[in-house]
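Subject: Structure for your review

Hello,

I am handing over the structure we discussed. Please look it over before reading my notes.

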Amino acid sequence: MGSMDQPATSMGAKALTVDPEYSVIVPTYNERPNVAVLAWLLHKYLDELVSFEVVFVDDNSPDGTANAIKQLQAVYGTSRIRLVCRPGKLGLGTAYAAGLAASSGRFIILMDADLSHHPKHLPDFIAAQRATDADVVAGTRYRLGGGVAGWNLTRKLTSRGANLLASFLLGARTSDLTGAYRLYRRGALCELLHATTSRGYAFQMEVIVRAQYSRLRITEMPIVFVDRLYGESKLGMGEYVQFVRGLLGLLFGL
Ligand SMILES: Nc1nc2c(ncn2[C@@H]2O[C@H](COP(=O)(O)OP(=O)(O)OP(=O)(O)O)[C@@H](O)[C@H]2O)c(=O)[nH]1
Ligand SMILES: [Mg+2]
């Protein structure tokens, strides 16, 4: 494992292997039914386009997600599919940091494992980063061409309302503050993760607002977000409270 801002390759290994340019970091908690399809789709859309690795960060999921990922390693190879195992559910922010520390790419893609973030959008993320020399390419459900499939009206309104309110209060120029599907330049993500303290939905919001305040170059990319097919949604009262607390923290703390 390397330090967070240095690609994680030992000098000895470097002579033999070439670091992938892109690391796709995928935190998992009880995603056993989803990881094989995700790995297949990532290969389908990235294999001929760029060099990449997938770094799963699993928090000892009770459904045995880690075993399913080990089976994928047998199929695709351990340098293509990497697995970081942590002893228990330690949260998304630290999962990203652990994945980053174990990864080698110059560019980092963060995405969910539940197929809400379809890999078909990644060629557009990569092209947009190259065209605009962006530090962050942020997936957005709320620009023309983006959207949400499978949510009921209440959840749509809640998400849209939370984003509009937060954008207004924080002076954000990006349209989807709570989205988690993004591509980062490695150094930018290191700095942002280091500074970010929020949890839950406020975490993604703090990262993108900090990126704007640090004058990083942000490009938006419309995505269609698809509600998870398998597994339990974690959205509940706790997430709303955490979001409001995070928003207030950003309003008065940044
Ligand atoms: N390693 C790790 N992964 C997590 C943890 N919490 C969530 N995840 C993963 O992070 C991603 C996002 O979590 P989700 O549960 O899909 O959150 P969401 O998309 O906001 O809500 P739903 O899809 O409706 O449940 C998924 O890939 C989860 O498996 C955690 O504590 N540790
Ligand atoms: Mg999800």
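Predicted model: local features only at pLDDT ≥ 70, side-chain atom pairs only at ≥ 80, totals over all residues.

Ligand site

Ligand 1 is surrounded by 20 residues. Pro27, Tyr29, Ala95, Ala113 and Ser233 are the closest of them. By class, the shell around ligand 1 holds eight nonpolar, eight charged and four polar residues.

Helices α2 and α3

Helix α2 (residues 35-46) packs on helix α3 (residues 65-76) at an angle of about 35°, and their axes are 9 Å apart. The crossing of α2 past α3 is right-handed. On the α2 side the contact is made by Val35, Ala36 and Ala39, and on the α3 side by Thr65, Ala68, Ile69, Leu72 and Tyr76. Seven of the residues in this contact are nonpolar and one is polar, with no charged residues.

Helices α6 and α9

The axes of helix α6 (residues 153-170) and helix α9 (residues 237-253) lie 10 Å apart, at an angle of about 15°. Angles under 35 degrees count as roughly parallel, so α6 is roughly parallel to α9. This pair, α6 and α9, has a right-handed crossing. Ala162, Ala166, Leu169 and Leu170 of α6 make the contact with Phe243, Leu247, Leu250 and Leu251 of α9. The contact of α6 with α9 has eight nonpolar residues, no polar and no charged ones.

Regards

Key
Residues numbered from 1 in each chain as written. Chains lettered and ligands numbered in written order. Axes fitted to C-alpha atoms, helices over the stretch in contact; angles between N-to-C directions. Helix = DSSP H or I, 4+ residues; strand = E, 2+ residues; numbered from the N terminus. Left-handed = near helix turned anticlockwise from the far one by under 90°. Contact = placed C-beta atoms within 7 Å. Nonpolar A, V, L, I, M, F, W, Y, C, P; charged D, E, K, R; others polar. Near = placed C-beta within 6 Å. Parallel < 35°, antiparallel > 145°, perpendicular 65-115°, else oblique.
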